[in-house]
Amino acid sequence: MHHPTLCAVAVSILSALPGVQAGLYTKKSPVLQVDGKDYDRLIAKSNHTSIVEFYAPWCGHCQNLKPAYEKAAKNLEGLAKVAAVNCDEDANKQLCGTMGVQGFPTLKIIRPKKGGGKPRVEDYQGQRTASAIVEAVVSSINNNVVKIEDKTLDKFLSDKNETAKAILFTEKGTTSALLKAIAIDFLDVITIGQARNKEAKTVETFGVEKFPTLVLLPGGDKPGIVYDGEIKKDAMVKFLSQAGSPNPDPAPAKSKTKAKEKKEDKKEKKTSSSAKPKPKTTSSEESSSTSEPQAETKTQQAPVIVETALPIPSINTPETLIKECLNDKSTTCVLVFVPSSEDEAAKKALGGLSALAFKHSQSKRHLFPFFEVPKTNEGAGSVLKALDLSGEIEIIAINARRGWWRHYQGGDYSQASLESWIDAIRMSEGVKKKLPEGLVAISVAEPTPEASSQATPDATSSASSEDATPVTPEASGGDAASESTESTSTKAADPTVEPETQKPIEHEEL
């Protein structure tokens, strides 16, 4: 029996399968990839507002967010930073714990504090669409633009007369994100002001006849220069740079040589000071000096990383179902078919499997992946029909490469009952049923060089052993070892990015 719904998309999907990647975003992505080492330099110490996604590559919700997040990054280019941190990497876990990340994806807006100091961090709780993310970030961009009126013009011009200034003449009463971003680029270098067309005295003083018009005042008695280029950030920044260089962002990384020299200088000073006779101190001084190291030790304690069981990833399209579990290279998956509106039984089943996955990850044990499959997914109906399953909630284990499946029977969705069933699969105990013909999509595409070069030795050995084993109704004795290695080669795939139906936001709002 063949299933056109699943097989029809197999060739196009499988030929586009990406290579295994450690993170969710590629180097070509517009999303800035940040880690624990450069977070302070790129985000915390930046003058620009940032939104940062804390994610795990296997998280289904993170994969679903990716297209909208990348679209938001394109639209915010030059205005704010759109970054991501992979919390699945050991080097980033302390940062994720410090930021209070308890689930994925977690989005936080980091806004610089005016005048310096630690930036303000707030959770993003809005809709996970590109437009909603852009709107929230734009509203969080600091406004360093000076509002100029006829009555304040003289004061604006006389203050710090020798330093450069620039005035944008516009018909709009609000300050655009573009002008805010330019003011941040030239913070403490060029003072940026904005004047409306209704401020007649100001407009007449500079002879402005059309709007918008940007005028640069180089400082002192030098005449103003009128900008006649496009209203685009790069061109405007280049024009203003003739009066002063914009602030570097990100801040330059510290030179290792300079850091080493500084360390050696401190060492020399410490040695020379220890050679000098120590002056007598009073008891109060002694007590204060002994208490100082204790205070320093306290501030250097590592933050507590909160780890909790996270929801299992959700497969919402037939294409993703084929990618993960229904092509002839797929290893063992556990699929939980649930109704669109989850009842208490469905929540219990999903919660039990989530707790099991967390338990095994805490013990550093490899386990095959679990996926939630809503029945609204068109592929779910084809699978259930092929396997002759009709329950409200159905849980199966499936291995498309070997051609077997197992059914979880009974209505007990407690963690203990589910764990017993999972352990039986891991230990190759019990009967495995043969998959119906036509359910598994056949891969016709040659593996890409990138994918083959990144394959792990474990995955390769697992594949060769499984392909050599014939499909039988009973489990073979060597299944247990291969099942534990299968999970190392199973990764949640990137969602297909839909072509953009909307043009990126233009910087024409001046």
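**Disulfides, salt bridges and cavities**

Counting bonded cysteines along the chain, the disulfides of the protein follow the pattern 1-2, 3-4. The model is predicted, so local features need pLDDT of at least 70 and side-chain atom pairs count only at pLDDT 80 or more, while totals for chains, interfaces and linings use all residues. Residues are numbered from 1 along each chain as its sequence is written, and side-chain values use heavy atoms, with hydrogens and water left out.

A disulfide is a covalent bond between the sulfur atoms of two cysteines. Here a disulfide is taken as a pair of cysteine sulfur atoms within 2.5 Å, and the count comes to 2. One joins C87 to C96, with an S to S distance of 2.1 Å; this link is left-handed, with -90° about the S-S bond. Both C87 and C96 are buried (buried means under 20% relative accessible area, exposed over 50%, and partly exposed in between, with a 1.4 Å probe and protein chains only). The other pairs C325 with C333, their sulfur atoms 2.3 Å apart. Its torsion about the S-S bond is about -100°, so the disulfide of C325 and C333 is left-handed. C325 is buried because its relative accessibility is 0%, and C333 is buried at 0% as well.

Side chains of opposite charge can pair when their charged atoms come close. The structure holds 10 salt bridges, each being a side-chain nitrogen of Lys or Arg within 4 Å of a carboxyl oxygen of Asp or Glu. Among them is the bridge of K93 and D90 (3.4 Å, N to O). K93 counts as partly exposed because its relative accessibility is 25%, whereas D90, at 63%, counts as exposed. The side chains of D185 and K233 also meet in a salt bridge (2.9 Å, N to O). This pair links distant parts of the chain, 48 residues apart, with D185 in helix 8 (residues 177-185) and K233 in helix 10 (residues 233-240); helices (H or I, at least four residues) and strands (E, at least two) are DSSP runs, numbered from the N terminus. D185 and K233 are both buried.

Finally, a search of the whole structure finds 2 cavities of 30 Å³ or more. On a 1 Å grid over the protein atoms alone, a cavity is a set of points where a 1.4 Å probe fits but cannot get out, and lining residues have an atom within 4 Å of a point. Grid points are joined across faces, edges and corners, and a volume is the space filled by probe spheres set on the points. The largest cavity has a volume of about 60 Å³, and its lining includes W58, C59 and F104.

How values were computed
On a 1 Å grid over the protein atoms alone, a cavity is a set of points where a 1.4 Å probe fits but cannot get out, and a pocket is an open set with protein on both sides within 12 Å along at least five of seven lines; lining residues have an atom within 4 Å of a point.
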